[in-house]
Amino acid sequence: MSEQSQQTQQPAGRKDDGCPPPTPPPCPPPPCPDPCDQDRPWGPPKIRPECCPEDRKCCPDGKSRCCNWDEVDDPCVRAASADCGGEWTKLKCKCESSNEKCKCDEWDCGCYPQGTCVPCEPCDGLLPTDPGQPGGCDDPGRTDCTSDELRKQLEALKKCISSQTTEQAKIAAEIKARQERQDELAKLITAFDAIVEKYKTERHKLICREDCLKGFHRDITKVFQDRSRFPEACLTEMQKAINAELCTLEKERCCQKNLEGKLSKSTKLIWEQTQADQNKAKAIDAFAAIQDLPKWMGDQFTALEALKDQIAQALNDKDPEKHKYAFYLFYWQFVPGLCKCFKVAICCKKDENEQYGKDEAAAHIGCQPGDWHPSYITVAKLKKLICCAWDFVRAAKEAAHKAAAAVQTAKDNLAFIITKAADDAKTLDARIKSGLEKVTCTSSASAR
């Protein structure tokens with residue numbers, strides 16, 4: 001047997017074949033730390049944890065890191081931040097009742113500064129009943145043929161008409177809302193594949209832009225860590241100077257809000273409608289961004305790239321004052337813009353039987369700084385987010401519709417009771433006479 005055939009017949013794995021052992025592939029370099037996972041050493045005043053708005057409850061385990069200066073809209077929450085000084089409190093206006101059976105929901109606590117006595121249910125039996133309830137629109141029977149008995153039937157008829165008119169308006173509004181949803185859903189179905197394909201095509205370019213901006217973040221962070229050039233005491237004083245101006249403006253805006261509140265009473269019903277409308281607008285805006293995520297991401301990156309050029313130019317300038325301005329642009333504009341949260345928290349169910357946000361594997365956006373970046377939003381996650389955002393908008397619209405219906409019902413009831421009170425005032429004497437006719441008086445002498 002030849003030497004060549006002997007080598008061919010050698011069992012696999014033998015080490016005496018004269019070949020060097022294979023060289024293992026080199027280990028990949030460790031990934032760069034994400035700058036958005038790091039605490040911000042400098043920047044705007046920090047919002048107190050107790051004051052963070054509870055508008056991202058769907059996030060995993062109810063936790064959200066989206067409570068920074070630029071992510072809080074209320075000027076009074078900003079003005080109460082740790083660096084703005086002054087006394088602060090978390091105010092809770094409570095209504096207290098002396099009767100445990102009576103709640104305060106009917107009154108909105110409009111009797112400040114001293115209490116007042118009120119019926120527990122001020123409208124009980126006076127307003128139109130729900131026509132859907134049994135007997136809601138049935139005329140009451142008559143015990144006798146009197147004007148008073150006929151008047152009872154007239155009052156029942158008025159209540160029925162008012163109640164059915166309100167119900168008719170509700171049904172018309174619901175039909176309109178469902179027709180709008182039908183049209184929007186048809187458009188989404190038509191555009192779904194194109195939305196996903198566009199993101200799939202452009203995602204790698206967006207990731208390159210993201211990496212470049214994060215690399216710039218790491219480089220400039222090192223520049224401001226150079227204590228020979230930027231002593232920490234100097235940075236601290238610059239932060240105080242910048243934040244003092246921010247605090248002054250937010251205190252002025254908070255004062256304006258306070259004075260406006262003194263001159264206009266916003267009831268719980270109106271407040272709920274206002275909040276529901278604001279939430280609906282945010283949901284619609286966020287859904288629009290999800291449907292064209294490449295454009296929305298591109299717009300965010302374009303603004304950051306413009307800041308990047310400004311910062312680099314300011315740091316390369318010989319004028320040290322420009323360096324101070326670069327510090328402001330970086331930590332007050334660039335970093336918050338790069339590591340901000342998405343407009344709202346949209347959380348997907350892992351499956352139809354699971355509650356929102358209970359599992360980290362469920363897709364979500366708007367819960368952590370920078371979780372809207374293309375490196376985080378895969379094509380698979382985008383598909384889930386489109387449907388989740390659609391459900392999110394639908395829920396927000398339904399909540400707004402429900403709040404508006406509650407306000408409209410109150411208005412309709414007010415119009416009804418105003419008319420009824422005016423009519424009853426005109427017929428008061430007649431009704432009193434009719435009521436007196438039913439009273440039988442027997443003297444004590446005749447009784448004997």
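**View 1. Cys66 is buried, at 7% relative accessibility.** Buried means under 20% relative accessible area, exposed means over 50%, and partly exposed lies in between, using a 1.4 Å probe and protein chains only. The model is predicted: local features need pLDDT of at least 70, side-chain atom pairs count only at pLDDT 80 or more, and totals for chains, interfaces and linings use all residues. Residues are numbered from 1 along each chain as its sequence is written, and side-chain values use heavy atoms, with hydrogens and water left out. Cys66 forms a disulfide with Cys341, the sulfur atoms being 2.0 Å apart; a disulfide here is a pair of cysteine sulfur atoms within 2.5 Å. Cys66 lies in the loop between H1 and H2 and Cys341 in the loop between H7 and strand E1 (346-347), so the pair ties together parts that are 275 residues apart in sequence. Helices (H or I, at least four residues) and strands (E, at least two) are DSSP runs, numbered from the N terminus. The link of Cys66 and Cys341 is left-handed, with -85 degrees about the S-S bond. Cys341 is also buried, with a relative accessible area of 7%.

**View 2. Cys52 and Cys67 form a disulfide.** Their sulfur atoms are 2.0 Å apart. Both cysteines sit in the loop between helix H1 (3-8) and helix H2 (75-79), so this pair ties together parts that are 15 residues apart in sequence. The torsion about the S-S bond of Cys52 and Cys67 is -100 degrees, and the link is left-handed. Cys52 counts as partly exposed at 25% relative accessibility, whereas Cys67 is buried at 14%.

**View 3. A disulfide joins Cys76 to Cys254.** The S to S distance is 2.1 Å. Cys76 belongs to helix H2 and Cys254 to helix H4 (residues 232-263), so the bond ties together parts that are 178 residues apart in sequence. The torsion about the S-S bond of Cys76 and Cys254 is about 105 degrees, so this disulfide is right-handed. Cys76 is partly exposed, at 25% relative accessibility, and Cys254 is buried, at 19%. A search of the whole structure finds eight disulfides.

**View 4. The sulfur of Cys51 is too far from the closest cysteine sulfur for a bond.** That closest sulfur is in Cys52, at 7.4 Å. Cys51 counts as buried, at 15% relative accessibility.

**View 5. Cys441 is exposed.** Its relative accessible area is 71%.

**View 6. Helix H6 (residues 293-316) packs with helix H7 (residues 320-338).** The angle is about 160 degrees and the axes are 8 Å apart; axes are lines fitted to C-alpha atoms, for helices over the stretch in contact, and angles run from 0 to 180 degrees between N-to-C directions. H6 and H7 are therefore roughly antiparallel to each other (angles under 35 degrees count as roughly parallel, over 145 as roughly antiparallel, 65 to 115 as roughly perpendicular and the rest as oblique). The crossing of H6 and H7 is left-handed, meaning that the near helix is turned anticlockwise from the far one by less than a right angle. H6 contributes residues including Leu304, Leu307, Ile311 and Leu315 to the contact, and H7 contributes residues including Ala326, Leu329, Phe330 and Phe334; contact means heavy atoms within 4.5 Å. By class, the contact of H6 with H7 has ten nonpolar, four polar and two charged residues. Ala, Val, Leu, Ile, Met, Phe, Trp, Tyr, Cys and Pro count as nonpolar, Asp, Glu, Lys and Arg as charged, and the others, Gly among them, as polar.
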